[in-house]
Amino acid sequence: MLLKSEFQPKLIYSPEYNINFFGVEKLHPFDSCKYGRSWNELFAIYGKQLQSLHILPSRSISHHELSTVHTKSYLELLSSSRYLAQALEMPPLALCPSRLIDKHILNPMRLATMGTLIAAKSAIKNGIGINLSGGYHHASEANGEGFCIYSDIGIAIASLRMEGTIQETDQVVIIDLDAHQGNGLERIFLNDQNVKIFDVYNAEIYPNDGWAKRGIDLDIPLKSGTSDRKYIELLQEYLPSYLDSITPIRLAFYNAGTDIYCKDPLGKLDISAQGVLSRDILVFKTLLELKIPFVMVLSGGYTKDSYLLIANSIRYLIDNTSGIPAP
Ligand SMILES: [Zn+2]
């Protein structure tokens, strides 16, 4: 058992996170309905008890909140279908009216960005906030790429600081274990001494962003084909001691991309389903033992099994912290 009562998870999810746009979502390997599939899997396990943990975002993130991180010219650029087609990696979208892209793809992302902010507020209040989406770690102030348009974590940090929930001097850590380097966040926080980034990623795939690497505080680049044993050993060697060296940490964001999974077509690592679960348990236990409030976001994961990996890890967290009896 972990730390019941001190850390109560909240699960932030809306059915509107899922992107269904006349089949256009199939243009990208991303399973744009994995959020709903993860929710359904958890609901099948816990039934109505899951509602006691659930928060439904009541609105999308506002233009004002977006502008705490993103430049005016970038936000204006998001009305260009051609730009969006490139950032979302779906070339045919260039021919689509931008208002339709906004309604069917960007608005679900703005709702999920709000979800990350709500998760962050829940983490400050209850210890754990899980957003069943988000983790758009390639988006920076004036650039969208790699299916990431809005920097949900960047906006959450900026919003919490603006409203005074956290102070500029509070230490915030981003643990980015998605298979891809989190270059957007690294660019945003390059000169911010109080936001630290721990990044473990496959250095042989996109984005290979040398400039952004300067924003990583603990950098663990991996080779394609890295196995469970090597991956978990590295994480065990570096994560607990790194977090323990920063005190106190006000809030951690865990970018829990499941594209490290061996069947993932984009991540190109060799981590088994058990390895993904072991990674997540190691992160959860470390954060709970150090009593660090944390947000979990889903980030990448591009296989038909991704939702099951996500649900397995969240199940572990709920069973060990929520007080809901394990089914
Ligand atoms: Zn990724």
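Predicted model: local features only at pLDDT ≥ 70, side-chain atom pairs only at ≥ 80, totals over all residues.

User: What makes Asn183 count as buried?

Analyst: The cut-off for buried is under 20% relative accessible area. Asn183 has 2% relative accessibility, so it counts as buried. Asn183 sits in helix α7, which covers residues 183–188.

User: Which residues is Asn183 in contact with, leaving aside its neighbours within four places in sequence?

Analyst: His137, His138, Glu145, Pro207, Asp209 and Ala212. To make that list, heavy atoms have to be within 4.5 Å.

User: Why is helix α6 called mostly covered?

Analyst: Of the 11 residues in α6 (residues 152–162), 10 are buried. Among them are Asp152, Ile155, Ser159 and Arg161.

User: How do you know that the radius of gyration agrees with a compact globule?

Analyst: Set the two values side by side: for 327 residues a compact globule would be near 20 Å, and the protein has 18 Å, so the value agrees. The C-alpha trace spans about 55 × 45 × 45 Å along its principal axes.

User: How much of the accessible surface belongs to carbon and sulfur atoms?

Analyst: That's 52% of about 12,900 Å².

User: And how many positive and negative side chains are there?

Analyst: The protein has 30 positive and 35 negative ones, and the centres of the two sets lie 5 Å apart.

Methods. Residues numbered from 1 in each chain as written. Heavy atoms only, no water. Helix = DSSP H or I, 4+ residues; strand = E, 2+ residues; numbered from the N terminus. Buried < 20%, exposed > 50% of the residue type's maximum accessible area, 1.4 Å probe, protein only. Rg over C-alpha atoms; globule rule 2.2 N^0.38 Å. Areas by Shrake-Rupley, 256 points an atom, 1.4 Å probe, with all protein chains shown as cover. Lys, Arg positive; Asp, Glu negative; His and termini not counted. Charge placed at Lys NZ, Arg CZ, Asp CG, Glu CD.
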